[in-house]
Every structure is written in structure tokens, then in C-alpha cells.
Amino acid sequence: MARLPGATDRESVPDNARTFYDQIVESRSAMRGPVAHVLPYAPEAAARIAFLGNTLRRGSTLTPTQTELAICVAARARNQPYVWAAHSPTALANGISPEVIAVVNSRGPLDSVAEDEALIIQFGRELIEQHRVSEPTFEKVRARFGETGFVELSALMGYYMLIDTIITAMGIVPAVDAPKLSGLS
């Protein structure tokens with residue numbers, strides 16, 4: 001159970017949040033997850049968080065497959081079980097193989113992973129776990145995805161760090177039967 005209740009429907013939010021509720025539902029089709037838990041208390045922030053997430057997930061030069069892999073890498077790097085539970089099935093549905101998901105989950109070696117996928121994984125591991133991006137990795141990401149893709153990939157992973165802090169602070173947990181990150185108790 002989350003520390004503070006989230007929005008469940010339009011009537012569950014204060015009057016000053018209903019316009020933002022409508023905007024979010026129009027852009028996402030459902031109210032759930034961390035945005036739903038921010039909305040009743042900071043409605044404008046929730047709307048901006050949702051807009052940024054929509055932009056980075058659906059309006060970037062990255063493909064849905066690349067985006068979902070990057071989200072899973074960020075979830076693993078932050079040990080974020082809720083994001084992992086929400087996005088590892090979506091990554092699979094978007095063409096990421098179970099073997100690649102297993103490599104991300106176990107923090108395994110990248111030698112068996114296709115070049116594009118390995119590059120996203122390596123970039124995320126450096127950025128989020130090591131708090132730096134090596135020059136060779138930067139150059140490879142820029143060469144493969146362009147400067148726009150580099151910035152979008154960085155922002156996407158950073159967005160999921162924001163989402164992690166909200167989930168962690170609110171105490172939001174995945175469903176009991178949801179996919180699990182390895183090594184977490």
C-alpha cells in the first residue's frame with residue numbers, strides 16, 4: 001500500500017486537480033502509477049511529469065524497442081521493482097528477447113547481446129550506476145543514434161530516475177505476481 005493514496009478516478013482528486021486529471025487521461029488513456037500518486041498533491045507537477053514521459057517515450061527518435069530497453073536498463077540500475085514489473089513485459093512485447101532481458105536483470109556480460117542493445121545497456125550502466133559516461137561510449141552512442149538520440153536517451157533514463165524517487169518515496173510496490181528483479185529481497 002502506498003504511503004499516500006493516488007488518484008483512482010476524476011472524483012478522487014481535488015477540484016483544482018481535475019483539469020490536470022483530464023489532460024493526463026487524454027494523453028495516457030489511464031491514470032495509474034507514480035503520476036496518479038503525485039496528482040492529488042501536486043497536480044501541475046503531475047501533468048508536467050506525464051507530458052515529459054509521453055514525449056520521451058512516444059515522441060523521440062528512439063524506437064519503442066530501444067525506449068523500452070532503456071527503461072528496463074534504468075529500472076535495473078536503480079533496483080526499481082515497480083518500473084521493472086511495468087516495463088519488462090512491454091520490452092518483450094516490443095521485440096526485446098528474453099535473453100536480453102535476462103542479461104539486463106542479472107547485470108550480465110554483453111558479449112552475446114546485439115550491438116545496438118549492448119550499446120544502450122552499456123550507456124545506461126555507465127550513466128546511472130557509475131555516474132559518468134566514458135568518451136568511447138559517448139562517441140558510440142552519438143555515432144549510432146545521433147546527437148538528438150544521445151540527448152533523448154540520456155533524458156529518458158534521467159526521467160526514470162525521477163520516477164524511481166517518486167515510487168520509492170511513496171512506497172509504491174508492484175503486484176505480487178509481477179516480473180521480479182533478481183537479487184532484491
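Mentor: Before you start, keep in mind that this is a predicted model.

Trainee: Okay. Let's take helix 6. What do its buried residues pack against?
Mentor: They pack against helix 4, helix 5 and helix 7.

Trainee: And which residues of helix 6 are buried?
Mentor: Val 100, Ile 101, Val 103, Val 104 and Asn 105.

Trainee: What follows helix 6?
Mentor: Arg 107 does. Its phi is positive, near 55°.

Trainee: Let's zoom out. Which residues touch the most other members of the largest nonpolar core?
Mentor: Leu 39 and Met 157. That core has 53 residues.

Trainee: Which helices supply at least two residues each?
Mentor: Helix 1 (18-28), helix 2 (33-38), helix 3 (43-58), helix 4 (64-77), helix 5 (81-93), helix 6 (98-106), helix 7 (115-129) and helix 8 (135-170). The largest share comes from helix 8, with eleven residues.

Trainee: Back to Met 157. What is it in contact with, leaving aside neighbours within four places in sequence?
Mentor: Take them in order along the chain. Met 157 is in contact with Ala 70, Val 73 and Ala 74, then Ile 120, Phe 123, Gly 124, Leu 127 and Ile 128.

Trainee: New topic: empty space. How do you even find it?
Mentor: You roll a probe the size of a water molecule over the atoms, and that shows where space is left empty.

Trainee: So how much space lies in the largest pocket?
Mentor: About 400 Å³. There are 17 lining residues, and the closest to the pocket's centre are Arg 28, Arg 32, Arg 57, His 87 and Tyr 160.

Trainee: Which elements give two or more residues to that lining?
Mentor: Helix 2, helix 3, helix 5 and helix 8. Helix 5 gives the most, with five residues.

Trainee: And how does the pocket lining split by class?
Mentor: Nine residues are nonpolar, four are polar and four are charged.

Trainee: What about cavities? How many are there of 30 Å³ or more?
Mentor: The count is one cavity of 30 Å³ or more. The largest cavity has a volume of about 40 Å³.

Trainee: Which residues line the largest cavity?
Mentor: Val 73, Arg 76, Ala 77, Val 104, Arg 107, Ile 121, Arg 125 and Glu 129. Helix 4 and helix 7 are the elements that give two or more of the lining residues.

Trainee: And by class?
Mentor: Four nonpolar, four charged and no polar residues.

Trainee: Arg 107 again! What joins its side chain to that of Glu 129?
Mentor: A polar contact of 3.2 Å. Glu 129 also touches Ala 77 and Gly 124, not counting residues up to four places away in sequence.

Trainee: Where is Glu 129 placed, and why does it count as partly exposed?
Mentor: Glu 129 is in helix 7. Its relative accessibility is 32%, so it counts as partly exposed.

Trainee: One more. His 37: buried or exposed?
Mentor: His 37 counts as buried because its relative accessibility is 14%. The cut-off for buried is under 20%. You'll find His 37 in helix 2.

Trainee: What is in contact with His 37, past its neighbours within four places in sequence?
Mentor: Ala 2, Leu 4, Pro 5 and Gly 6, plus Met 170 and Ile 172.

Technical notes
Residues numbered from 1 in each chain as written. Predicted model: local features only at pLDDT ≥ 70, side-chain atom pairs only at ≥ 80, totals over all residues. Heavy atoms only, no water. Core = buried A, V, L, I, M, F, W, Y, C linked by side-chain atoms within 4.5 Å. Buried < 20%, exposed > 50% of the residue type's maximum accessible area, 1.4 Å probe, protein only. Helix = DSSP H or I, 4+ residues; strand = E, 2+ residues; numbered from the N terminus. Contact = heavy atoms within 4.5 Å. 1 Å grid on protein atoms, 1.4 Å probe; cavity = no way out; pocket = protein on both sides within 12 Å on 5 of 7 lines; lining within 4 Å. Points joined across faces, edges and corners; volume = space filled by probe spheres on them. Nonpolar A, V, L, I, M, F, W, Y, C, P; charged D, E, K, R; others polar. Polar contact = N/O pair within 3.5 Å; in protein donor to acceptor, adjacent residues only side chain to side chain.
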